[in-house]
Amino acid sequence: MALPIKYNLRNLTVRKGTTLATASTIGLTVMVYLMVMSLARGIDLTLASSGEPLNLIVLRQGSTAELNSDVSRERLNALMYLDGVAREGDQPLAAPEAITLIYRARKGMSQGSNITIRGIGPMSAKLRSGFKLAAGRMFQPGLAEAIVSRRIAERFQGMEIGDKFRIQATDYTVVGLFDAGGKAFESEIWVDVNLLGSTMKRDSFTSVLLRVPDRAQMAALEKRISDDQRLQLKAVSERKFYEDQQGTASGLLKGLGIFISFIMAVGAGFAGMNTMYAAVARRTTEVGTLRVLGFSRRSILAAFVLESIFIAVIGVGIGILLALPLNFVSTGTSNFTNFSEIAFNFRVTPDLMLSALIFGAGIGLFGSLLPSLRAARFKIVDALRAS
Amino acid sequence: MKYTHLILKNILRNKRRTLLTLSSLVVSLFLMITLATILTEFTRGSKEANPLRLITRHSVSLAFPLPVAYEQRIAAVPGVKHVTPFSWFGGIYKDEKNFFANFAVDPRIMREVSPEIKMPDAQWQAFINDRQGAIVGQKLVALYGFSLGQRITLKSPIYTAEMEFIVRGIYTGGDGKTLYFSHEYLNESLPAWAKDKVGTFFMMANTPADIPRISQALDSMFLNTDAPTKTESEREFAQSFETMMGSVKQFMYGIMAAITFSLLLVMANTMAMSVRERTREVGTLKALGFQRGTIAWLFVGESLLVATFGAALGIGIALAVFRSLDLSLYIPNFISFVPTPETLAVAFALALFVGVASVIYSASRVSRMTIAEALRSTE
């Protein structure tokens, strides 16, 4: 026969201070866990959503990032008219692109970071869903104009409409701000690809984006490009290309997060043990009475474990409440692929909260097992005789 | 101090509780020290920068190279004592997992520009004499077993080039995880489009006072060329890398604040339980004539002693762990992973603070009770 839940809940309110202190310890552990994990999740989600399912990105064979890739103009022509490239009217949905980096100071600081400048072709915006002008206008092809993602304009100096920045001998004017639906492009500056090429005195591109009409043709086109010995290029699905970039930054964060929260959990677990040992000691006579009334050792054990888990769940609640506002915080770091800024939001997602709940309850369980076993092992006579 | 014995007795009264509190304290302090060490290493580059060293790069960003011909012009600038090309090769040793930095430099100048790197004279000479020569840090030797005379092949995805080097020297100092080789050799090995280009130039000034003058002279000299430069002291250059990572510092401080607060709660809760259980004893002590202050101090002393012991243990464990396990081998850019004396001092002070702060409320509450109130307590 199990003890009624009400018994557990009442006990929590007897020592409100202790309950709250123990719960808060677990809460802070959960908060730190969520802080680090939501940061990693923010990077992952940004990168995972960046690739379009029907896009292929073509790079030079052997290159590991766009920055060290190279695709010549002749190869672009060969690629555009391959079978399997989708068309709009008679125009192939293919976009040559070139990227480079520009170092800018962050707002309010003298130092900053590299920002990716992407030279885009006429089809580029069409190949990226979620792209939307937020203010100003699109740059005019052939003119030294640029559009800047709103997030970059918010975080770096001199990136508002009307501001100018220089690449080599060319001054580009910012004429518009854009959003990209939380994707990696939201950390970029876009200019005309041909103009960027002439600015940089480079007659080739860094990558070519191709759209396939449907999933089924994806693999065939990918293989065809990568296997063509004359091209010396490789095609990867854009989705995979961005997913592969998740590793370094978010992997490091996840490792750090697990390390920190594990150690904090051990500390919180010890604290929980203290609380539960005190609770058991205080209620020794009570346990004796319950046993006399016919409650089994097992239900005594269950009651104390449950009580501890309740405290832990309150703690998880506190931790989640403390971490939730992070959802509104946007931040940025350097990605390890191109060494350029990637802006993203902390993302406290439901599955992270669920894992926080399991993690927190686990701390409660760890903290309660030994004290509860002790309570369950009391001999009735001894327990009743305790003062 | 005549009550030390009483305080000790009180601490040992509930051994299990004291042990659990201590363990909680020890793991928290270990964690704090670990995080503080990461933070220290993270900003070491700018803190320990050589005050004579300058770095010049393309003003747009590091993705743009500078012409190799700049070397002569930089050398002629008054105040510049030494200059060497310093180019990131990005070479990978066997597998992408084996990441270590590798730079092409002028072997004749390297010693002057990086005085923190120590190597026997014979090895410096061998490095200078062998076009294919490379020098590697002690930590690379520990990680990959490199030895003098060994041939190492690095493959660079930037240039799609493969280069073979012969280890001519093993240095200590610096980060110990970088391979340096000859810029001339790099230039010969690269395809035409990549030739005669340099990533950055490292310079040594005659005096620290020359640095602003050199920066200005260089940057205005190249202002209207295809490759304008940005010249900074090593400190500023390192800071720019630290800023690139974003708000790492604030984030870490946030986590450390959470750990401290959590520790405070743990200690406060334990002390509150102990004090509460001893309320009646406080009544007895009062009846015996103990002063309010003395009683409060008994509790503060107890908490402080536990905190001191926990701090000493936490610091000892952290030192033992990080001295025997050098994590800097595995983390790029980290020079060492041994907590600094400042870190340890701060951790100790923090533990003492927590020790006092956690007991103040309970101690003052119980010591202010009247004898009757305390004796009537049902705890």
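Reader: In which loop of chain A does A:Lys201 lie?

Author: This is a predicted model, in which local features need pLDDT of at least 70, side-chain atom pairs count only at pLDDT 80 or more, and totals for chains, interfaces and linings use all residues. Residues are numbered from 1 along each chain as its sequence is written, chains are lettered from A and ligands numbered from 1 in the order in which they are written, and side-chain values use heavy atoms, with hydrogens and water left out. Helices (H or I, at least four residues) and strands (E, at least two) are DSSP runs numbered from the N terminus. On that basis, A:Lys201 is in the loop between helix H5 (193-199) and strand E12 (204-205) of chain A.

Reader: What is phi of A:Lys201 near, and is A:Lys201 buried or exposed?

Author: Most residues other than glycine have a negative phi. A:Lys201 is a residue other than glycine with a positive phi, near 50°. Relative accessible area is sorted into buried (under 20%), exposed (over 50%) and partly exposed in between, with a 1.4 Å probe and protein chains only. Because its relative accessible area is 59%, A:Lys201 is exposed.

Reader: Where is A:Gln232 placed, and at what relative accessibility?

Author: A:Gln232 sits in the loop between helix H6 (215-227) and strand E14 (233-237) of chain A. Although A:Gln232 is not a glycine, its phi is positive, at about 55°. A:Gln232 counts as partly exposed, because its relative accessibility is 38%.

Reader: How far apart are the C-alpha atoms of A:Ala78 and A:Leu231?

Author: A:Ala78 belongs to helix H3 (residues 73-80) of chain A, and with a relative accessible area of 37% A:Ala78 is partly exposed. Along the chain, A:Ala78 and A:Leu231 are 153 residues apart, while the separation of their C-alpha atoms is 8.6 Å.

Reader: Between which domains does the largest cavity lie?

Author: A cavity is a set of points, on a 1 Å grid over the protein atoms alone, where a 1.4 Å probe fits but cannot get out, and its lining residues have an atom within 4 Å of a point. The largest cavity holds about 140 Å³ of space, and its lining has 15 residues, with A:Thr116, A:Ala184, A:Glu188, A:Asn335 and A:Asn338 nearest its centre. Strand E6 (112-120) and strand E16 (341-345) of chain A are the elements that give two or more residues to this lining. Since both domains give residues to the lining, the largest cavity lies between domain 1 (5-48 + 245-385) and domain 2 (55-213) of chain A.

Reader: Which element gives the largest share of the lining of the second largest cavity?

Author: The second largest cavity has about 90 Å³ of space, and among its 13 lining residues A:Arg15, A:Thr18, A:Thr19, A:Thr275 and A:Arg282 lie nearest its centre. Two or more residues each come from helix H1 (5-14), helix H2 (16-48), helix H8 (247-282) and helix H10 (297-323) of chain A. The largest share, five residues, is given by H8(A).

Reader: How many of the 33 residues of H2(A) are buried?

Author: The expected span of a helix is 1.5 Å times one less than its number of residues, so the 33 residues of H2(A) should span 48 Å, which agrees with the 45 Å between its end C-alpha atoms. H2(A) is largely enclosed by the rest of the structure, because the number of its 33 residues that are buried is 27.

Reader: Which residues does B:Thr18 touch, not counting residues up to four places away in sequence?

Author: B:Thr18 is in helix H2 (residues 15-42) of chain B, and B:Thr18 counts as buried because its relative accessibility is 17%. Not counting residues up to four places away in sequence, B:Thr18 touches B:Ile11 and B:Val306.

Conventions
Contact = heavy atoms within 4.5 Å. 1 Å grid on protein atoms, 1.4 Å probe; cavity = no way out; pocket = protein on both sides within 12 Å on 5 of 7 lines; lining within 4 Å. Points joined across faces, edges and corners; volume = space filled by probe spheres on them. Domains from an automatic or database assignment.
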